[in-house]
Amino acid sequence: MKDQTYLDRESILTPGISKISAKNVNVYYDDVQALKDVSVEIGKNAVTSFIGPSGCGKSTFLRCLNRMNDTIDICKVTGQILLEGEDIYDPKIDPVQLRAKVGMVFQKPNPFPKSVYDNIAYGPKIHGLANTKSDLDEIVEKSLQRAAIWDEVKDRLSSPATGLSGGQQQRICIARAIATSPDILLMDEPCSALDPIATAQVEELIDELRENFCVVIVTHSMQQAARVSQKTAFFHLGSLVEFGDTEKIFTNPNDPRTESYITGRIG
Amino acid sequence: MTETSHTNSLFNVSSKTKNRNAAERRFRIYGILAISIGLLMLLVLASTIILRGTSAFQQTFITLDVDLLESKLDKKGNRNVDDIKKVSTFGYSPILLNAMKKVLEKHEISTSLKKKALGGIISKSAPSQIRDFVLEDVNRIGQTVEFKFLVNGWIDGYIKGRYSRESVANSKFASAEQFDLIDQLLEVGVVEKKFNFDFIFGADASDQRPEAAGIGVAMVGSFYLMLVVLVLSLPLGVAASIYLEEFAKQNIFTDIIEVTISNLAAVPSIVFGILGLAVFINYMHLPQSTPIVGGLVLTLMTLPTIIISTRASLKSVPPSIRDAALGLGASKMQTVFHHVLPLAAPGILTGTIIGMAQALGESAPLLLIGMIGYVATNMPTTISEGLLSPNSAMPAQIYEWAKRADPAFIERAWGGIIILLIFLLTMNTMAVILRRRFERRW
């Protein structure tokens with residue numbers, strides 16, 4: 001069964017247009033295996049969503065993609081993850097540089113307790129993306145515009161970002177992530193702390209971001225996956241069960257487990 | 001309404017509920033009782049300190065017109081400073097006595113007191129007070145100058161109500177006749193009780209003159225101690241905590257360090273004192289009784305407190321902030337210094353101030369390294385002198401005063417405690433204000 005899904009995936013994606021390709025990724029927390037032999041190809045200019053029940057390893061896999069798992073002492077990753085053909089777990093790779101290229105938005109909105117402006121400007125500042133104040137102003141404005149929050153905050157750039165509403169905070173975090181102009185944007189359940197209206201705004205935003213970024217989103221909501229993504233990967237108990245076009249996964253899944261999950265029988 | 005529905009009514013309180021409510025009421029009473037006892041103790045402590053200590057801030061002064069007689073102070077009459085310096089404080093006693101007699105004549109007060117008893121009313125610090133005044137400018141010889149002198153500790157004690165005529169009946173230090181004279185002088189306003197700034201700012205005098213003793217030098221000593229403690233323990237403590245909390249991998253080695261730090265925080269301070277004596281003075285040969293050694297010892301004592309509170313405040317910074325910074329491509333160090341440390345700063349400051357307050361009130365280790373009272377009689381003039389010349393600290397000076405037999409010194413010990421408590425209260429209030437001010441929500 002596993003082999004079959006693997007073949008399926010190969011037929012869907014031609015190697016040339018994939019941005020990230022993971023091969024046989026295993027993740028262990030001490031001696032607990034959190035991910036088993038995950039192989040996946042993530043395409044350019046597309047939104048890929050990871051779905052699956054809690055604890056299935058989808059967030060763990062997402063955090064492998066920008067090596068955020070490095071911050072956990074007991075976490076061990078084996079296998080290969082290639083970003084445009086380069087192995088990101090190569091000892092010569094500096095995770096700091098990698099993370100500038102692979103931005104991340106977290107589950108809970110986590111703006112720095114600073115002004116809106118400083119939140120957005122922090123990334124460009126530490127990476128030296130702006131030489132002058134006006135360059136920086138431009139980056140901040142552009143990022144906020146792309147995150148569809150410019151109109152709401154343009155008059156209070158110097159007020160604390162923590163004083164905004166949850167949905168606004170999350171869009172600030174997205175703006176902050178795209179301010180460093182990454183190639184890939186990882187989103188770990190970005191709407192789980194938001195109300196339906198804010199969720200709709202963020203989803204709309206994700207759809208727009210697709211033009212410029214390769215977006216990978218982890219979500220609990222199957223409706224959300226169906227709405228925003230072109231590709232969907234279903235994880236279950238640490239392994240990748242099925243990966244393919246979102247439409248196909250939701251209408252005609254190959255694997256009975258996928259079908260059980262999307263129809264609500266497991267998970 | 002049937003029988004069953006009646007027994008199930010919410011208005012019927014079951015016996016179990018009654019017991020439960022009674023237990024809660026009892027517990028509340030215990031709690032209120034405990035707090036009341038605590039408050040009562042605090043009230044007793046505070047009122048005792050204030051009642052006993054405030055008198056130390058007031059001292060009895062006598063105002064005298066002193067003739068700076070050339071015949072006594074400059075027999076050669078050529079105003080040569082070196083010659084005038086040869087006149088010791090003892091040589092100034094006669095002119096003091098003259099001034100005393102003059103004031104008695106002026107107010108037509110007669111007394112049966114002999115020379116020695118009459119002069120004994122004035123503090124032994126008076127002659128040197130005149131001598132310093134004369135040596136400042138020798139041309140003052142020949143003038144008549146008004147001086148305010150301290151009154152002897154025994155007489156001061158009589159005015160403050162410590163002694164009565166009966167209690168000094170057999171004393172060789174004071175007599176009922178002296179008290180009679182003081183009463184008369186008090187009436188005409190020559191003798192008066194007023195606020196004594198010298199107690200707060202003055203250098204402490206010899207153990208012969210409690211009335212002239214001040215806590216000023218010890219205060220300066222405490223200041224230099226705190227300076228050394230702050231300069232050493234804040235960077236060391238913060239660096240150690242940041243490394244342990246943010247960078248070090250969790251393993252058996254860091255576990256051992258953690259346990260050791262917690263244990264060090266509980267080590268009695270006198271142990272640090274004896275360590276300081278053995279290491280800093282006997283082995284490293286740093287000068288004894290100096291604030292630099294005291295500061296080093298207190299640094300050892302304060303470090304665990306600062307490390308523990310700093311680690312706690314670093315821990316309280318939500319991990320999501322670290323994730324956010326790391327996710328943006330900030331390095332570990334940028335994450336810590338740009339985001340974690342500013343958020344932890346109020347906690348670190350509070351911990352530091354509380355640790356310093358603890359060090360400020362510490363006397364046991366200082367006694368071991370020789371920072372006891374009466375080692376300094378002059379204010380240090382430079383920072384290096386302040387650090388390297390023998391000095392005392394406020395709690396050690398208070399201890400020295402408290403162990404003396406003379407009640408005039410005991411009074412000063414209580415007064416010293418008030419000053420020390422004011423410092424500690426100020427520091428703790430500062431800690432609270434800083435925490436309130438910089439506390440941020442995220």
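1. **Confidence.** This is a predicted model. Its scores are ipTM 0.86 and pTM 0.82. For chain B, the average pLDDT is 89, and 98% of the residues score at least 70. Where pLDDT is low, the predicted coordinates should not be read in detail.

2. **Domains of chain B.** Two domains are assigned in chain B. Domain 1 covers 58-195, and domain 2 covers 216-438. Their centres, taken over C-alpha atoms, are 45 Å apart.

3. **Contact between the chains.** On the chain B side, 18 residues are in contact with 21 residues of chain A. Two helices of chain B, α15 (319-327) and α16 (332-360), each supply at least two residues of the side that touches chain A. The most comes from α15(B), which gives 6 residues. By type, the chain B side divides into 7 nonpolar, 7 polar and 4 charged residues.

4. **Largest nonpolar core.** This core has 79 residues. Those with the most contacts inside it are V25(A), A175(A), L185(A), L186(A), V215(A) and V216(A). Helix α7 of chain A (residues 166-179) provides the largest share of this core, with 7 residues.

5. **A look at L186(A).** What does L186(A) touch, leaving aside residues up to four places away in sequence? The partners are L62(A), L65(A), N66(A), V102(A), G103(A), M104(A) and V216(A). Of these, V216(A) is also among the residues with the most contacts inside the largest core.

6. **Second core.** A separate core holds 57 residues. Among them are A240(B), I242(B), L349(B) and I369(B).

7. **Helix α20 of chain B.** This helix runs over residues 407-438 and has 32 residues. From first C-alpha to last, α20(B) reaches 47 Å. That is close to the 46 Å expected at 1.5 Å a residue.

8. **Buried part of α20(B).** Which residues of α20(B) are buried? They are A408(B), E411(B), R412(B), A413(B), W414(B), G415(B), G416(B), I417(B), I419(B) and L420(B). The charged residues E411(B) and R412(B) are thus on the buried list. The cover over these buried residues includes four helices of chain B: α2 (15-53), α8 (153-159), α10 (197-201) and α19 (394-402).

Key
Residues are numbered from 1 along each chain as its sequence is written. Chains are lettered from A and ligands numbered from 1 in the order in which they are written. This is a predicted model: local features need pLDDT of at least 70, side-chain atom pairs count only at pLDDT 80 or more; totals for chains, interfaces and linings use all residues. Domain bounds come from an automatic or database domain assignment. Two residues are in contact if their C-beta atoms, placed from the backbone, lie within 7 Å. A nonpolar core is a set of buried Ala, Val, Leu, Ile, Met, Phe, Trp, Tyr and Cys residues joined through C-beta atoms within 7 Å. A residue is buried if 20 or more other C-beta atoms lie within 10 Å of its own, exposed if 12 or fewer, and partly exposed in between; C-beta atoms are placed from the backbone. The expected span of a helix is 1.5 Å times one less than its number of residues. pLDDT is the predictor's confidence in each residue, from 0 to 100.
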